[in-house]
Amino acid sequence: MKMNPQQQFEIISELEKLKAVHRQNITLEKGRNENPAEHSWHIAVMALFMPEQTKGLDLLKILKMLLIHDLGEIHSGDTSVFDDDARVAAEKEERKGMRKFLEKLPRNLGTELMNLWEEFLAGSTGEAKFAKALDALQPLINWAALAPRNFNPYEINASVIYEKKNFIRDEQPGLWPLAEYAINKSI
């Protein structure tokens, strides 16, 4: 099914809403939180700058996953990775939001993107594991680079961070030195 200009316009306009969602990460602009559009762009570009880690993987597939992985947040908002209770409810809402967004697309494209999103969530392929690792790594780097010294509004200690991020070491050992550097720089 081919999209007409009105459908394309509506979908592209809907994407704008992702810029209005606020994430936990801060930005270089003091007092402003990052939005999922910035986060998705950032990790997609990170993937481009890591050819040694993406060798043997389908880079286009990774980029698609990274660019769409937070689209459901248009309707559900963002939830902190450290709030386990809220994450459970947020996953259901994000799934509904993802479906709501993708139903505006032609069926074949919507199905393709939903399958990529599901693959990303499951971490079932090398591409998905890499994409999930970048998704978890970027906030570490962001926080280490931008947070004011001794700024810890959630009172999170190193063991909690390691517990949440150890999957990077297990799934993508090539990214672990960077993750560990960012964690240690944050402590």
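The model is predicted: local features need pLDDT of at least 70, side-chain atom pairs count only at pLDDT 80 or more, and totals for chains, interfaces and linings use all residues. Residues are numbered from 1 along each chain as its sequence is written, and side-chain values use heavy atoms, with hydrogens and water left out.

**The whole chain**

Show the protein as a cartoon. There are ten helices and zero strands. Helices (H or I, at least four residues) and strands (E, at least two) are DSSP runs, numbered from the N terminus. The radius of gyration is 17 Å, close to the 16 Å that the globule rule gives for 187 residues, so the protein is as compact as a globular protein of that length. That radius is taken over C-alpha atoms, and the globule rule is 2.2 Å times the number of residues to the power 0.38. Along the principal axes, the C-alpha atoms fill a box of roughly 50 × 40 × 30 Å.

Of the 187 residues, 42% are buried. Buried means under 20% relative accessible area, exposed over 50%, and partly exposed in between (1.4 Å probe, protein chains only).

**The core**

Select L66, L134, L137, I168 and L175. Within the largest nonpolar core, which has 41 residues, these five touch the most other members. A nonpolar core is a set of buried Ala, Val, Leu, Ile, Met, Phe, Trp, Tyr and Cys residues joined through side-chain atoms within 4.5 Å. Helices α2 (36-48), α4 (59-68), α6 (84-102), α7 (107-122), α8 (126-146), α9 and α10 each supply at least two residues of this core. Which helix gives the most to this core? It is α8, with nine residues. In soluble globular proteins, nonpolar side chains tend to be buried together.

Keep L175 selected. Not counting residues up to four places away in sequence, L175 touches M50, Q53, F130, A133, L134, L137 and I168. Contact here means heavy atoms within 4.5 Å.

Move to G174, in the loop between α9 (158-171) and α10 (176-186). G174 counts as partly exposed because its relative accessibility is 46%.

**Helix α2: S40**

Select S40, which lies in helix α2. Is S40 buried or exposed? Its relative accessibility is 3%, so S40 counts as buried. Setting aside residues up to four places away in sequence, S40 touches L66, L67, H69 and D70.

**Helix α7: L113**

Select L113, in helix α7. L113 is buried, with a relative accessible area of 13%. Apart from neighbours within four places in sequence, L113 is in contact with I68, L102 and L105. Then pick M98: the C-alpha atoms of M98 and L113 are separated by 9.5 Å, and the two residues are 15 apart along the chain.

**Helix α8: K129**

The last stop is K129, in helix α8. At 30% relative accessibility, K129 counts as partly exposed. K129 touches G123, E171 and Q172, not counting residues up to four places away in sequence.
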